[in-house]
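Please consider the structure shown below, which is a predicted model. The paragraphs that follow lead through a cavity, a residue of a helix and a pair of aromatic rings.

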Amino acid sequence: MLKVLTYNKNMKQKQQKGKAWQRLRIVPVLTVISLLVIGSTIIPQVAADRFDEEIRKLQQQNAANQGALSDLQGQAASYQEVVNLLRAQIVQLEADIRANVQKQAELQAKIEEGQRELDRQRQVLGADIKAMYVDGDISTIEMLASSRNLSDFVDKESYRNAVQNKIQETLKRITKLQNELKQQKIVVDRMILDQQGQQQTLDARKREQAQLLAYNQQQQASYNSQIKDNNKKISDLKRQQVLENLRLFGGGTQPGIPGGGGYPWGNAYCVHTGRVSGDCWNYDWYFHGSAWDPWGYGFRNCTSWVAYKLAADGKAGFSQLGNANQWPGRAQARGIPVSTGGGARSGDAVVNPRGFYGHVMYVEAVLSDGRVVVSDYNRAGDGLYRGPDGGNASVLSQSGLVFIHF
């Protein structure tokens, strides 16, 4: 500017040299002024846009991390499926082992009971044999003499033989049953040992899968942490960019921008007029035949813009909150912190509760004096964007506003 003033002074001193000369000298002056104007607008804008490249790199890192995270989640589902299958097999095997142990105990009880019966029958047989030997001391002549008749003698002999045969058959039957029970117990014992071996194998496989799953979850946590850190860096860079643009362009009331701020549904059309531009009664903008965005808000409404920004920040809990002035109460009911008249943070939703619907905005940055820089849609009922990029941001006092800390 000093060069321009000096040059104008020289021009006054040299007016006598003619208009043609003046015309030649005016061109450089205009050129210098133009360069100064361009330098004051374009070059600082480039300086403010330097954040875009850093933001883009962080977003690329997050995209790569999210891809790796998705792969890990797929692997984790596979590991978990195997763990669940092994757990079910182990549970079934444990039930089978318990049933076999019960069967083993029952067989052992039957074997012991059979052994007691064998011992008793042996005692009976022994007593009978002893009686036979005692009776054997009696001669046949004496037995005949002591019998009332021949029939009585034959009955005594037959009875003694029948008793002996019955006892022997009982012994054979019990001995056979004992052998069968012992064979069954051997089979059950082997089965239990085999099942216990299977259980140990399954337990080892389950531990291995559980370790893989735990390691997978650690990796997921690491990627989630990186994504979270990058999101914080992105938010900080965006805040710096907002403050830089605000410093360069200031806040103001410039007209809104259709589709500004990166909002993907900025060209939604008014269902009543069929046009993208112009006012729309009841804010009924449609996109491909639908009136609602992924979070349950009308396209190009303030609520839809803030939901889009919160989703981009990786936040949650903001879907289906209703009109702007319903957000604080419903968010608080979901356990989301809400503060009134202060406590703003970058990335908050801020609600002006006045009016029939109220108005919700996104906090781009908090200035050193406590005021907040916000971006929004549909502030004037026109479905347009207003934000810090382009000089149409709003700088508001925190008084009278409600901040939702998603």
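A cavity is a set of grid points where a 1.4 Å probe fits but cannot get out, and its lining residues have an atom within 4 Å of a point. In this predicted model, the structure holds 1 cavity of 30 Å³ or more. The volume of the largest cavity is about 80 Å³. Its lining consists of Ile 234, Ser 235, Lys 238, Arg 239, Lys 309, Ala 312, Asp 313, Ser 346, Tyr 362, Val 363 and Glu 364. Two or more of the lining residues are given by each of H5, helix H6 (302-312) and strand S5 (359-366). H5 contributes the largest share, 4 residues. Sorted by class, the lining has 5 charged, 4 nonpolar and 2 polar residues.

Helix H5 covers residues 150-249, and Thr 170 lies in it. Thr 170 has a relative accessible area of 13% and is therefore buried, since buried means under 20%. Between Thr 170 and Gln 121 there are 49 residues in sequence, while their C-alpha atoms are 7.5 Å apart in space.

The aromatic rings come next. A search of the whole structure finds 19 aromatic pairs. In the pair of Tyr 269 and Tyr 286, the ring centres are 6.5 Å apart and the planes stand at 45°, so the pair is tilted. This pair links distant parts of the chain, with Tyr 269 in strand S1 (residues 269-270) and Tyr 286 in strand S2 (residues 285-286), 17 residues apart. Tyr 269 is partly exposed, at a relative accessible area of 31%, and Tyr 286 counts as partly exposed at 25%.

How values were computed. Residues numbered from 1 in each chain as written. Predicted model: local features only at pLDDT ≥ 70, side-chain atom pairs only at ≥ 80, totals over all residues. Heavy atoms only, no water. Buried < 20%, exposed > 50% of the residue type's maximum accessible area, 1.4 Å probe, protein only. 1 Å grid on protein atoms, 1.4 Å probe; cavity = no way out; pocket = protein on both sides within 12 Å on 5 of 7 lines; lining within 4 Å. Points joined across faces, edges and corners; volume = space filled by probe spheres on them. Nonpolar A, V, L, I, M, F, W, Y, C, P; charged D, E, K, R; others polar. Phe/Tyr/Trp six-rings, centres within 6.5 Å; stacked < 30°, edge-to-face > 60°.
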